[in-house]
Amino acid sequence: MTQQPESDPTPRDWWPRDWWKAAVVYQVYPRSFADSNGDGIGDIAGIRQRLDHLERLGVDVLWLSPVYRSPMDDNGYDISDYQDVDPLFGTLADLDGLIADLHDRGMKLVMDLVVNHTSSAHAWFQESRSSKDDPKRDWYWWRPPRPGHTGGEPGAEPTNWGSAFSESAWTFDPGTGEYYLHMFASSQPELNWENPEVRRAVYAMMNWWLDRGVDGFRMDVINLISKVVHDDPPDLRDGVKGGPDRQAGPIDTVRFGDPGPYVLHGPRVHEFLQEMHREVFARRPAGLLNVGETPATTVEQGLLYTDPARAELDMVFQFEHVDLDSGPGGKWDVVPMTSRDLVDSLARWQEGMGEVGWNSLYLGNHDQPRCVSRFGDDSPEHRVRSAKALATLLHLHRGTPYIYQGDELAMANVPFRDINDTRDIESHNAYRAALTRGQDPDLAMAAIRYKGRDNARTPMQWDATEHAGFTTGSPWLEVSPDHVTVNAAAQVDDPDSVFSHHRRLIELRHQEPVVVHGSYTRLLRDSEHVHGYLRSLDGRELLVVVNLSGTDGQEAGVPDAPAWASAELVLSNAGEPAERDRIVLGPWEARVYRRG
Ligand code: GLC
Ligand code: CA
């Protein structure tokens, strides 16, 4: 336990600095969670009506995807006003009400915050684009056409960088004859963090939110805020196409140069994050959380971001395991992945972050397909058991677990018929780009069906009624047809449900210091289907063994197996084991043993 904060240490305000190590976070994607007024779009009032669900599950923190004012090109990740709520979602008063409701129930609110870029509709960008002499011109990345080229013509882009949404990273603005940089959609211009005024404006806005009572932030793509700027021209440089050195991730490095080495983990990123910490968090009482989304991060970089001595971020979302099934053509170039690949990757992070850094544990979010479909088996035979197996594997790792809405019910990928069934700008751009390249539309659609973000964005499945209890109107994105069997109403009171399994895992973390603080030792390194690890703290030990396959009769040859087989079984997804002297797992079976 750490020291009480010096300022106003009233019991209510008092939290240990690292309270989040024992916490579980639940992510709400507001557009798809609960609609209170029948316009087909989820809203804050809808979330407030459903807080029993979160309390029942036992989670500690709600991470709210963006509800700020936005043209919604990227569903709110394109912010046009940081200090207001979009009317689609409600009002600032609704948000204050949500904060109060959560605090009354002993939960916290972490706001998603996008400060690597704004919407092109933000007043800052409107001013910036108005003239080359505007005082805010330098708040964004403006560059003239490539020397010898005419602006707007193919090849005139200042660099050959691709954006994450299948286009060039540069858009020409005829008004001033220059290009602006965007690593995502063209309506998401990148803020220029080199400019101290930009940083001051961002910190002031973050402080305004903390003063309002929010408990922290999930910082969107925060490892992109510093770019490599050379002193001699050209200051920004072309990236390499393809090649073995490409960074994993969404960018098509067959068509475009890879911006990764110039925009990820840039030279000033640690300086900026330390400054943010000083200006926003350092002076406040503990009890806040600052988690960064950091694509293409290695364990070594993860350690730099999360070492508490460096005062940057509390934890990061790394992407290694969600990039395993991407080939050189980027996210849509789907390549096979085995459960060994998944566990090898998770284990590398468990071992690498060790006692210094801290992991965010996740298998799904609003940008990823449903985890039961991707890493488990969503067939009727294995869906429930594989969802529980994945949850067991993940939650008992060292780190803070994040549950994406619906994953606690084993919501699965959606049988989209064609591109018109989807709404996501990323999928639409990718589809268009694939067709332009002459790709077979069915193949392009197959990749979107497997990896498209709308898989995770269909409405939350509350019950078996029409539109799954999400809305009384017509939903902005079709409800998945399986809501008649897979829904919250069918699961919350059923002790054998995926929901109840998650509840027990959360309870275990809250009760067992070994889950929070214990060391991690990987077992069964060479096994194909059965994976396992040991957690231990002060003589207390937990053994987690999971069969990540539909193959029956998998023996877990862990050291000391006969003794473990007769130890206390704290959790299982397949009832009492038949054998008490060996550990033999059925299809997707997971067990947790305890001793000491
Ligand atoms: C992050 C968000 C994603 C968004 C992107 C651009 O990756 O999670 O939803 O599209 O940033 O803001
Ligand atoms: Ca609504």
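Two strands count as paired if DSSP finds at least two bridges between them. Keep that rule in mind for this predicted model.

**The sheet**

Strand E20 and strand E22 (residues 590-595) are joined by 4 bridges and run antiparallel. Within this pair, Leu569 stands opposite Tyr593 in E22. The two strands belong to an open sheet of 5 strands. Its order is E16-E17-E18-E22-E20, with antiparallel pairing. Which strands stand at the edges? They are E16 (519-523) and E20 (568-572). Each has a single partner strand, so one side of each is left without a neighbour in the sheet. On average, neighbouring strands are turned by 20° against each other, direction ignored.

**Helices on the sheet**

Two helices touch this sheet, as the table shows.

| Helix | Strands touched | Angle |
|---|---|---|
| H15 (residues 498-511) | E20 and E22 | about 135° with E20 |

**A helix pair**

Now turn to helix H5 (residues 196-212) and helix H7 (residues 269-281). Their axes come within 9 Å and cross at roughly 40°. Angles under 35 degrees would count as roughly parallel, and 65 to 115 as roughly perpendicular. H5 is therefore oblique to H7. The crossing is right-handed.

Which residues of H5 meet H7? They are Arg199, Tyr203, Met206, Asn207 and Leu210. On the H7 side, the contact involves Phe272, Glu275, Met276, Glu279, Val280 and Phe281. Together, the residues of this contact divide into 7 nonpolar, 1 polar and 3 charged.

Notes:
Residues are numbered from 1 along each chain as its sequence is written. Chains are lettered from A and ligands numbered from 1 in the order in which they are written. This is a predicted model: local features need pLDDT of at least 70, side-chain atom pairs count only at pLDDT 80 or more; totals for chains, interfaces and linings use all residues. Side-chain values use heavy atoms; hydrogens and water are left out. Axes are lines fitted to C-alpha atoms, for helices over the stretch in contact, and angles run from 0 to 180 degrees between N-to-C directions. Contact means heavy atoms within 4.5 Å. Angles under 35 degrees count as roughly parallel, over 145 as roughly antiparallel, 65 to 115 as roughly perpendicular and the rest as oblique. A crossing is left-handed if the near helix is turned anticlockwise from the far one by less than a right angle, and right-handed if clockwise. Ala, Val, Leu, Ile, Met, Phe, Trp, Tyr, Cys and Pro count as nonpolar, Asp, Glu, Lys and Arg as charged, and the others, Gly among them, as polar.
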